[in-house]
Amino acid sequence: MQPVVLFISLILMAALSAVFVAAARASRGPAPGPGASAKRSGLIWVMTILGVIVSVASLREWPHALAGTGDALEVNVSGGQWWWDIDTTEIPAGKPVNFNVTTEDVTHGMGIYDSDLTLLTQVQAIPGYTTQITYTFEEPGSYQILCMEFCGVAHHDMVNEFEVIAAEG
Amino acid sequence: MSTVSENYVPGHAAAAPQAGAVKLTMVLSGAVFALMMVFGLLMRAAQGQWIDLDAALFYQLLTAHGAGMVGTAALSGAAIMWYFCGRHLVLSGGIFWAFLGLFLLGVVLILGAIFIGGYGGAWTFLFPLPALSGGAWEAGAAAAFMLGYTAIGVGFLLYYLELGRRIHARYGSLVRALGWNLILGREDNDPPPPAIVAAAAVTIFNSIGIILGAAVLVASLVHLLVPGFEVDALLAKNLIYFFGHVFINASIYMAVTAVYEILPEYTGKPWKSNRLFAIAWNAVLIFVMAVYWHHLLQDVVMPPWMLVVGQLVSYFSGIPLIAVTAFSTFLYVRGSKMTWDLASSLLVLSVAGWSVGSVPASIDGMISVNKVMHNTMWVPGHFHTYLLLGEVAMAFGFMAWLVRGKTISQMDGLDRAAFVTYLAGAAGFVTVFLFSGAASIPRRWAVHYEEWLAHDRIGTLFGGLVVLGTLVFVLRFAARLGRREG
């Protein structure tokens, strides 16, 4: 997902920058005509309609939806300054995993990374709460948990790993 | 008590009695901006393994950089808005000096907490981290840090109380100052100018933000003194992010008054309040306060409707910015035959940077995107875009205008070189952050993996250009301050 997000962002940012450059260059040109107000209204409508479409499309399926407990593997992860504890070291590929995440001290962020150091999903670990996310690992291999919320002087050392193994045929 | 008629002093002269205080504030702001940028440069160089920084010192610099930049953005924004509101209101100089004094007291406490006490809990003081340092700092250092925030907050509340009461005295009510006569189509022979509409809105939302910030600061301070006093961590996080989000946004919304008041000198077209302008500012008043939930999109125990509101408002708050402020800037500039000196170039750049920065911010505000971008380098990528190329550019543009003199002339060689250096450096710096975010590099890590070093080193080079451009802007401002207008 990240490369697509980057690409779309850079295109839109470049387009908006180009409009500003064009406006600056047009300072020597003719003054805006009477149609400027209509153009502004059009822009507001386009942004509004685009916003509604993107919002509906991106929220129609709730991004934090959890798999049913009967279908998913339950994995408990707890964090503290500056460690992660996972109650299993091997997770089968292809099966939804419900991560139940807690913290023993301050707020942490559980980020799951694949072996290419790409962030797959994350959730905050909040004192006094159990937070849950579901993720299905497609590929066997080594995965890491990195802390995504600043938690003190050894924040960057708060790393652990687990293995995803091929599902039994 | 002043009457309405006593308060009304039209034109530039009203600002003159406090121009000295504002100029001093801008000198301080420029110096702190430069110092904080050097801190930022050191952190990027350390992440790139070009210099060796102890992790504890790295996180102290991180804390100073965050608190210093947010505080200075707000300080410079407040000075700008005070200056231009002085064109329409009579404001008490004593209040501004008290505000500045409390701000400096806060700075002393914060710097002492960090560099003497060793506090490195980030500018967000996320509960209960200040009390649980793992041995890195004592409770006294955390308390000093939060007392520093408290002093700054009290100063800002004084500032807004003075603004609010003067606006009320001059316009009858904050509702009228927010342009409701324009919105409702009622006759108003003396409509509030853009700077006053902005001041009314910011006074309301930033006062609310500071009061809620004070609540969580007090709770955190009590927790430091009495560890048995527990605070719900999620509630505290909501209060902190409401305060933090509103406060940093207020800095931009205060500084934009420089665009409203200065650009017309160049374009020859006054920036007037109208119905659309008033609607946009009233939308901003609501949006700024409702959007903070986009900081908590991965706090999945939050009520889902709040996260949905966070996503929706994150996107729709871009409409008043792009379709009103940015679009109006296009219209004012187009065909204006304006002269592009350092002040006008930086002010137009600031609207562009603010608008362009809203794009990656809005995209990150989508819950599904946020799952893989939250707390990666993507976040400093977008907020550096609308701060470095937005608020800070507004502040530097205002500073350049303050020392411009009466004659407007094209940029000379040094100004042009500084402008291009700053623009190229900042654009490259934030773009590297965005690429780093897309590469999943977490933010706020003192030590980086080998795979990430290329990002850090390229970012450091661009950061060096930003510091260079900034030094020229600030030194040029300081050098010209003493000159007489020509």
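Residues are numbered from 1 along each chain as its sequence is written, while chains are lettered from A and ligands numbered from 1 in the order in which they are written. Because the model is predicted, local features need pLDDT of at least 70 and side-chain atom pairs count only at pLDDT 80 or more, whereas totals for chains, interfaces and linings use all residues.

**Stop 1: chain B**

Select chain B. It has 18 helices and zero strands. Helices (H or I, at least four residues) and strands (E, at least two) are DSSP runs, numbered from the N terminus. The radius of gyration, taken over C-alpha atoms, is 22 Å for chain B. Along the principal axes, its C-alpha atoms fill a box of roughly 60 × 50 × 40 Å.

Of the 486 residues of chain B, 61% are buried; a residue is buried if 20 or more other C-beta atoms lie within 10 Å of its own, exposed if 12 or fewer, and partly exposed in between, with C-beta atoms placed from the backbone.

**Stop 2: B:Ala113**

Now select B:Ala113, in helix H4 (residues 93-115) of chain B. This residue is buried, because 29 other C-beta atoms lie within 10 Å. Two residues are in contact if their C-beta atoms, placed from the backbone, lie within 7 Å. Leaving aside neighbours within four places in sequence, the contacts of B:Ala113 include B:Tyr119, B:Ala141 and B:Phe145. Show B:Ala139 as well: its C-alpha atom is 10.0 Å from that of B:Ala113, and the two are 26 residues apart along the chain.

**Stop 3: where chain B touches chain A**

Show both chains. Here 64 residues of chain B are in contact with 64 residues of chain A. Among the helices of chain B that each supply at least two residues to this side are H3 (55-85), H9 (233-255) and H17 (413-438). The residues on this side of chain B divide into 44 nonpolar (Ala, Val, Leu, Ile, Met, Phe, Trp, Tyr, Cys and Pro), seven charged (Asp, Glu, Lys and Arg) and 13 polar (the others, Gly among them).

**Stop 4: the domains of chain A**

Colour residues 2-59 of chain A as domain 1 and 73-165 as domain 2. These bounds come from an automatic or database domain assignment. The C-alpha centres of the two domains lie 39 Å apart.

**Stop 5: a sheet of four strands**

In chain A, four strands form an open sheet in the order S2-S1-S4-S7, with mixed pairing. Two strands pair if DSSP finds at least two bridges between them. The edge strands, S2 (83-86) and S7 (131-136) of chain A, each pair on one side only. Select S1 (residues 73-80) of chain A: this strand pairs with S2(A) in the antiparallel sense over four bridges. A:Gly80 stands opposite A:Trp83 in S2(A).

**Stop 6: a sheet of five strands**

The open sheet S3-S9-S8-S5-S6 of chain A also has mixed pairing. S3 and S6 (119-125) of chain A are at the edges with a single partner strand each, so one side of each is left without a neighbour in the sheet. S3 (residues 90-92) and S9 (residues 159-165) of chain A run parallel and are joined by three bridges; A:Pro92 has A:Ile165 as its bridge partner. S8 (residues 141-147) of chain A runs antiparallel to S9(A), with six bridges, and A:Leu146 stands opposite A:Val159.

Technical notes. Rg over C-alpha atoms; globule rule 2.2 N^0.38 Å.
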